[in-house]
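Subject: The structure we spoke about

Hello,

Please find the sequence and the structure below, followed by my notes on what turned up in it.

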Amino acid sequence: MRNVDLVIIGGGPAGMCAAVSAYNAGAKDILVIERDSDLGGILRQCIHNGFGLHRFKEELTGPEYAYKCETELKKFPIDVWCNTIVTDISKDKIVTAMSSERGVEKIQAKAIILAMGCRERPRGALNIPGTRPAGIFSAGTAQKYVNMMGYMPGKNVVILGSGDIGLIMARRMTLEGAKVHAVCEVMPYSGGLARNIEQCLNDFDIPLYLSHTVTDIHGSDRIEAVTVSQVDEKMQPIKGTEMYIECDTLLLSVGLIPENELSKSAGLTLDSITRGCRVDQNRQTEIEGVFACGNVLHVHDLADFVSEEGEVAGESAAKYILGKANTEKCNINVSTDGKVRYSVPQKITDTTVDIKLYYRVSGVFDNVMVVAEADGEIIAKQKKAKVVPGEMQYIVIKKDTLKKDTKELKIRIDKA
Amino acid sequence: MNRELTCIVCPMGCRLTVELNGKEVVSVSGNTCKRGEDYARSECTNPVRVITTTVRTKSGKILPVKTDKPVPKELMTECMRLINNLCPDCDGEIAMGKIICENILNTGANIIAAGK
């Protein structure tokens, strides 16, 4: 069995940035394992621009962003195995990897970083009635067809879900000559960024139907049409509001789920809201020496934040390997009030460092005060003109504001 | 007359209010940075967009490309038609950043490779 100090699973922005940061923090024996033929992860098919404004201070396409990360990684003697899939991780950090080049191989790691990214929710998760014809794709699959393989999935398109990938694909399909007849969103607000509503839909006069969903699919071999209905506040279709829209393609952009099969095989439990592991401020999971970052931990809006989280995990993993990790630990649980849907990290084990606490809200709230309260005492707050579920926020918990014996840090939303 | 816009410069998506006197921009509010004001002025006088798309190279590889600066919005369809007819010969090299087509439609923008 091969021994490696740090095994990073996934070569997207999280994994690549984790590798560089771990190397710079002193870990020298690093292996990145990537399932695809090349590094970059899902960025490779995200050819639109808007990436990297925070990190590189310029507007990059996905492949450009990935290339910058890869160029940085290649400056260092970091091993990369592409075309290799990890099939199992054990509790004692044995990674089983498989490739046509090396066959099945077991690797004993001192530390592991989980950076496997996320997957799209499929049609099966939606319970849409109707037939099962061809022509129904997840938006990301269509994106791969158009942007990487160079063929169009169809000409007359309806998109269900207004997440960013759906919006981006509405523009992409339009630019390539398709007609996008409608984008339907079951919620009363879009899950995508406001800028994408503007530049992907409004620029091309594509209608966005809020509080609408697909209630029937028609066609036997190929999809021929969908029925779209308005929904009430309980998300039940309202009779009499049905629209029959002819189409040859239905794209689903209905959410992303962290891909945590391997985390489960290692015995890690998942947070029921984020569907990722529960971590501390170092992105360390419940198993010492196993870290998680990027979309496998919680779905991010921006690659910039994914990279940043990769760096946190990478540095922490290096410290763990070198025996420099802080051992004087506390155990502060981070809880949220429901309006704040979740936070990452979920647990704080060190009060002597500044902590950037990321959170996502469950609805649209105007003029609010976001409050961080440690055992009843307010230690941080921030005023926000508007918070929406589609945009992750963060609040900084300054070092030494939490006490070692603090039990709970609560993040809540008050009226400003 | 006022015009409401959503800024597309960064992911914040600020709601902008532009005070217009005919076609002339009198003031911009709602922006949180200078780029927001620039965007609002441009959007009300000469709206522009960066185009990102792909071309098929000689060997059949799909290469991401983009305009290296924004082009007038009304020229997007025409630009796409031209770009889709490009067939650059840049196989076997890292194409990133390479100019694929100069000064498309006299916009001053080049089409450059935005992928490997």
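**Where the two chains meet**

The contact takes 22 residues from chain A and 21 residues from chain B. Please keep in mind throughout that this is a predicted model. On the side of chain A that touches chain B, the helices α2 (62-73), α3 and α5 of chain A each supply at least two residues, and the largest share, five residues, comes from α5(A). Sorted by class, that side of chain A has eleven nonpolar, six polar and five charged residues.

**Helix α4 of chain A**

Helix α4 of chain A runs over residues 164-175, and its twelve residues reach 17 Å from the first C-alpha to the last, which is close to the 16 Å expected at 1.5 Å a residue. Is α4(A) mostly covered or mostly uncovered? It is mostly covered, with eleven of its twelve residues buried; among them are Ile165(A), Leu167(A), Ile168(A) and Met169(A), and also Asp164(A), Arg171(A) and Arg172(A). As for what surrounds them, the buried residues of α4(A) pack against α3 (139-149), β11 (156-160), β12 (179-185), α5 (194-201) and β17 (249-252) of chain A. Just after α4(A) you will find Gly177(A), which takes a positive phi of about 100 degrees.

Helix α7 of chain A has 19 residues and reaches 27 Å from its first C-alpha to its last, close to the 27 Å expected at 1.5 Å a residue. α7(A), too, is mostly covered, since 17 of its 19 residues are buried, and it is followed by Gly323(A), whose phi is positive, near 70 degrees.

How do α7(A) (residues 303-321) and α1(A) (residues 13-24) pack, and at what angle? Their axes lie 7 Å apart, at an angle of about 40 degrees, and the two helices are therefore oblique to each other. The crossing of α1(A) and α7(A) is right-handed. On the α1(A) side the contact is made by residues including Ala14(A), Cys17(A), Ala18(A) and Ser21(A), and on the α7(A) side by residues including Val306(A), Gly310(A), Ala313(A), Gly314(A) and Ala317(A). Taken by class, the residues of this contact divide into twelve nonpolar, five polar and three charged.

With best wishes

Definitions and conventions
Residues are numbered from 1 along each chain as its sequence is written. Chains are lettered from A and ligands numbered from 1 in the order in which they are written. This is a predicted model: local features need pLDDT of at least 70, side-chain atom pairs count only at pLDDT 80 or more; totals for chains, interfaces and linings use all residues. Axes are lines fitted to C-alpha atoms, for helices over the stretch in contact, and angles run from 0 to 180 degrees between N-to-C directions. Helices (H or I, at least four residues) and strands (E, at least two) are DSSP runs, numbered from the N terminus. Angles under 35 degrees count as roughly parallel, over 145 as roughly antiparallel, 65 to 115 as roughly perpendicular and the rest as oblique. A crossing is left-handed if the near helix is turned anticlockwise from the far one by less than a right angle, and right-handed if clockwise. Two residues are in contact if their C-beta atoms, placed from the backbone, lie within 7 Å. Ala, Val, Leu, Ile, Met, Phe, Trp, Tyr, Cys and Pro count as nonpolar, Asp, Glu, Lys and Arg as charged, and the others, Gly among them, as polar. The expected span of a helix is 1.5 Å times one less than its number of residues. A residue is buried if 20 or more other C-beta atoms lie within 10 Å of its own, exposed if 12 or fewer, and partly exposed in between; C-beta atoms are placed from the backbone.
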